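Me: I would like a close look at one single part of this protein. Please take me through that part step by step, and then show me the setting around it.

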Amino acid sequence: MKRLVFTLSLLCLSVALWAQRSVSGRVTDQSTGEALIGATVLVKGTTTGTTTNIDGDYTISVPAAGATLVFSYTGYKTTELNADGARLDASLEPSAQLIDEVVVIGYGKQIKSTLTGNIAKVGGEKLQSLPVVSFEQGLQGQAAGVYVESVNGKLGGAMRMRVRGVGSINADTEPLIVVDGIPLTKDAQNTSGAPLNPLADFNFNDVASIDVLKDASAKAIYGSRGSNGVILITTKSGRSGRPRIELDVQSGITQATNKREFLNAAEFIELFTEAANNSDDLEGVAYDDPNSWTEFVYSRFRRYDGHTNWEERIDQTDWQDEALRTGSINNASLSFSGGKDNIRYYASANYGKTQGILVSNELEKSGGRINLDFDATERLRIGANVNLARTFTEQTSDDNAFSTPMQLVAMAPITPTRDEEGILYDRPVTTYYNGLIDVEDGYRHVKTLRTLASAYGQYDFTENLNLRLEGATNIYTVNDDAFFGERTDNGNDSRGYGFSAWNQNNDYNLNAVLHWDRSFDETHNLGIDLGSEFYNSKTVYTLVEGEQFPSDEFKTLASAALITNGTSTLTEYNILSYFGRASYDYKRKYLFNVSSRIDGSSRFGKNERYAFFPAVSAGWVLSEEGFLQNNKTFSFLKLRASWGLSGNAGIGNFASLGLYQAGAYNDNSALTPEQIPNPNLTWEKSAEWNLGIDFGFFNNRLTGEFDVYQKNTTDLLLNVPVPSTSGFTTQIQNIGELQNRGVELVLNSNNIVGKFSWTTSVNLAANQNEVIALAGGQTLIDDGSSRYMNVVKVGAPIGVFYGAEYAGVDPANGDALWYVNATDDQGNIVDPNATTNDYSEANFIELGSPLPDLIAGMSNTFSYAGLTLDIRLQGQWGNQIHNAAGSFMSCNACWFDNQTRDQLDRWQNPGDVTDVPEARLGYSNGDQSRSSRFLSDGSYLRVKAVTLSYDFPSRWFKNSGVRDLRLYATGTNLLTFTKYDGWDPEVTTDFLASNIVYGVDFYAAPQPRNIVFGLKAGF
C-alpha cells in the first residue's frame, strides 16, 4: 500500500511538472512605451518570479491553466494580467515622479536610480504638436545645461546647441547627435544664402525620448566625439496588442515677435536736413551753397522720392512691413503602431508647409518612417528602422547681403516701392539695392533628401549574455538651384546669373556590442559591455555657374550663354573604435562604473592617430541605508561623483597632412604647396569632474538634481604662427587651454495631486567660460575688424566683446565721447574718468560677454477633468548683444540709412543731456561700431510655449473605433521680456556665427511668434 501511495505521488508530481508552460513578454511604460528594466514579474499566489532584462523582456514558467501574472515596478502602479497565451506584454502606469525611469546611455540603457553619471531626459511628449521646425527648438529650456539658440527667424535656419558651455576655439562645439544609433552631422550643406539646419527634416513627432549625456562618465563611451556632449534620440517602436492609429493636424499663423520703430517720412526729412545743416556749420559753408551738405541732402531727397516734389510728400513707405509678413503654418502627421507575439511595428508619415515671416521664405517638409522588431526565435531578435525625409526651402540670402529682406529697413521712407507702371524702384531712386527685386526676379531653391536606415540583430546566448550587431547609413543630399534675373543685384552686370550645386554626404556606421549582466543573490549586480565601431563619412560636391541668359523667362543653366565656373570635390574620413564598460552595484546601494574607449581617426597625424579616453564614476544611494529607510521626508537620496576624459576631432579632414593645390600656371597644370604637415597633430582633450546629488522628498512628490562640474580642455587645435622661412605663415597645432565650470539645478514637483493636478518643472544652469592659455605667450586673437568685436582673450570668455568704451555726449558741443582707459605697465587703468572725443585715442578694453551667466527653463501643467494648460518659460541672463547694424541705423544720421526713432533724442543745443550725439551728415560722430555704444543687455525671459488642450471623455466614443480625441491650441514665443532694444534678444547674425562670434545682431530677422489650432485623435 505504501508503495502504491508513493508511486501515485510521483505520478502527480510528474504531471504537475509537465503541466508547466513558458510565457514571455515585455514590460513598458504606459505613457512613453519605453522598456522598464528590472521590473518584477510574479506568478500570483506563488513565489515563482523573475525580473525584466535591459530590453524590458522576461520569460517565466507558469501553470498550464489559470495563471495570473503580477507586474510591479518602483514608481508605477502594480498590474495583474491573465496569462492565457504564450506571450503577455504589460504596460505599467506611472504613480509618481519617476526616480526609476529608464535612461538611454551609450550603447545601452540603465535605470536612473543606479546611474552614476549626469543624463538629462526629455520625453517625446514634450515635443509633439509644437509648431516649430526642428527638434532643437522644442528642446530649448527643457534640459539643464543645454543652451539652444535659433540664430534668427529664418525658416529652417541654423541652430546652435552647446552642452555645458563652449568647448573649443577652432574645432567643433556642437554635441554629437545620435538617432537610433546613427550619428548625424549638423554642418550646413547648402551653397548660398543663409545657412540651413540639416536636422530641420527630422519629424520630432516620431521621438520617444531624448537623452542628453553631459558629464564625462556618461559621454566618455563616445570618446573622441563626446567632449561637447551627446544627444541620443530614440524613436518610437511598436507594442504587441491592438493596432493603434494616431492622427495630428494643426493650422495657424506666424508673425514676428517684435518690430522696431523707424523714422517716418516727415521725421526723416527733418533729421537729415538738420544733420546736413550741422555739417555745413562745421565747415563754415552756407546752406544754399551748391557744394553744401544741405544742397546735397536736398538732391538726395529728390532722388529718393522718385524725382517728384518731396517737400509736399505725404505718403510714406514702411519698409519694415515690406520685409515682414504674417505667414501660415500647416502640419499633419499620421502613425500606425502595434504588433503580435513576435513582431512589432511603428510606421508614420508627415507633411508640413510653413510660409515664414520674411517675404519669399517658405519651407515644405515631408517624410515617412518604418520601425520593425521581429523575434525570429526565442534567442534571436532582428529589426530595422528606415526613415525618408524631404524638404524644399525657398531660401533668403544671409544677413550681410543687401538682398536680405531685413536690410530693406535702410531705405528712405519717402521712397515708394514702385513707379507709376508698377515696377519696383531700384537704384538710383532707392538708397541701396531693393531686395524685393530678388523676390520677383530671382529665387534660391534648396531641396534636401535624407535616407536614414539601420538594421540590427541580437542573439541571446544565455539569459545573461547577448551579442548585438548593428549597421546604419545616413545619406543626405542637398540640391541648390538659384537664378537671378537681369535686374537683380547678382545678375545686373551679366544679363542674369544662375548656379546649380549638388552635395551628397554618405555616412556609414557599423558596431558590435557584447553584453553580459548577472545578479548574484539579488545583492551583487554586475554588467559588462565590450564593443567595436567603425564610422566612415564621404562628401561629394559639384557646382556649375552660368550667366548671359536670353531673358528672365529662361532660368536653367542650359539657357546660359556662358558657363563661368564648374568644380567638384570629394572628401572622406574614418574612425575606428574599441570600447568597454563595466558597472557594478551592491543592493542598488553602492554604485560603480568604469568605461574606456580607444579611437583612431584618419584626420590626425600618423604619430598620434589613436587616443585613449577613460572614465570612472561612483554613487551612494543613502536612502537605501538603514538610517534613512522608511524616512517620511527623504524618499530617495543619492550622491554621485565622476571623472573622465573625452575628445574632439571636429576639424578638417586633412589638417595633419602636407597639402598641394592643383591649378594652372602659364596654361599648364601645376601643383602649389598649400599646407605644412604636422604628423603629431592629435585630439583636443577634455578632462571633466562632476559632483552631484539626486533627491526625492515626500514619496517623490518633489524630486531633483544638483550638480557642480569643471571641464578643462587642453591641446586646443589652433593655427599657430610659424617662421616664414618654412614658406608658410601658420600651422595647425595642439596648443592652448580652455575651461568651463558651473552648477546645475533641476526640480520636479507634483504640487497638487487629484482630480485637479498641478505639476512644475524647473531647471537652472550657470556656466563660466574662460580661455586659460593660447600659443606661445599669445594673449589675444583679434582679426582687427572695425565693425565686429568678438575676440579670444586669455582670462576672458570666448567671444568677449573688446572695443572702445562709450562715455556719452559732451553737453557743451554734442561730440561723442569715449573713455581713454590708458593703462600702466601692470595693465591697470590710470584714470578711469578720462575721456576723449577722438575715437583713435580710446584704448580697447573688455566690454562684456556674449555668453549668458545663467540659462533656465520652467514649465507648469494644470489639469482638470480633461482640460490641460501647459505653460513653458525659457530665458537667459548676464549676456550682452552687439547691434553691429547700429552704426548704420542708429548713427545719428551719419549717412542716408533710415534711422531708428531713438535718434530723435539727439543733442541739439548746449546743455542738452543725452546719449545720442549731434547729427552730422557725412561725419563720424559716435558711429564707430566697435564700441560699447551699440552694446545692450541681452538678458530675456520668454513665454516659450503655451498649450491649452481638452481630452474628450473616452466613454463618448464607445464602440465608435475612436480611442481618444484632443483639441488644442498652442502658441510659441508669445511674450518676451527684455531690455534689448533690437528686434529680438535670441540672435547671432547668420553669416558670422562661429565658435567665437556670439550675440551679434546685423539685420537678423526676429524670432517668429506661432499660434496654431490642432486636433489629435487615436483609433
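Reply: Start with helix α5, whose buried residues pack against α4 (265–283). Keep in mind that this is a predicted model.

Look at the length of the helix. α5 covers residues 293–304, which makes 12 residues. At 1.5 Å a residue, the helix should span 16 Å.

Now, which residues of α5 are buried? They are Trp293, Thr294, Val297, Arg300, Phe301 and Tyr304. Around the axis they cover an arc of only 120°, so they lie on the same side of α5. There is a general rule to compare with this. An α-helix has 3.6 residues a turn, so residues three or four places apart point the same way. The buried residues are also the ones that pack against α4.

Next, follow the chain out of the helix. Just after α5 comes Gly306. Gly306 takes a positive phi of about 80°.

Now step back to the whole protein. The protein has eight helices and 52 strands. Of its 1019 residues, 54% count as buried. For 1019 residues, a compact globule would have a radius of gyration near 31 Å; the protein has 32 Å, which agrees. Along its principal axes, the C-alpha trace spans about 140 × 70 × 65 Å. Consider the contacts between residues at least 6 apart in sequence: 69% of them join residues at least 24 apart.

What about the nonpolar interior? In soluble globular proteins, nonpolar side chains tend to be buried together. The largest nonpolar core here has 32 residues. Met406, Met889, Val1000 and Tyr1003 touch the most other members. Two or more residues of this core come from each of α6 (319–323), α7 (436–441) and β44 (845–848). A second, separate core has 28 residues, including Leu130, Ile231, Ile233 and Leu452.

Take Tyr1003 as an example. Leaving out residues up to four places away in sequence, its contacts include Asp399, Met406, Phe888, Met889 and Trp983.

For contrast, go to a loop. Gly784 sits between β38 (780–781) and β39 (790–793). Is Gly784 buried or exposed? Its relative accessibility is 55%, so Gly784 counts as exposed.

Definitions and conventions. Residues numbered from 1 in each chain as written. Heavy atoms only, no water. Helix = DSSP H or I, 4+ residues; strand = E, 2+ residues; numbered from the N terminus. Expected span 1.5 Å × (residues − 1). Buried < 20%, exposed > 50% of the residue type's maximum accessible area, 1.4 Å probe, protein only. Arc of directions from axis to C-beta. Contact = heavy atoms within 4.5 Å. Core = buried A, V, L, I, M, F, W, Y, C linked by side-chain atoms within 4.5 Å. Rg over C-alpha atoms; globule rule 2.2 N^0.38 Å.
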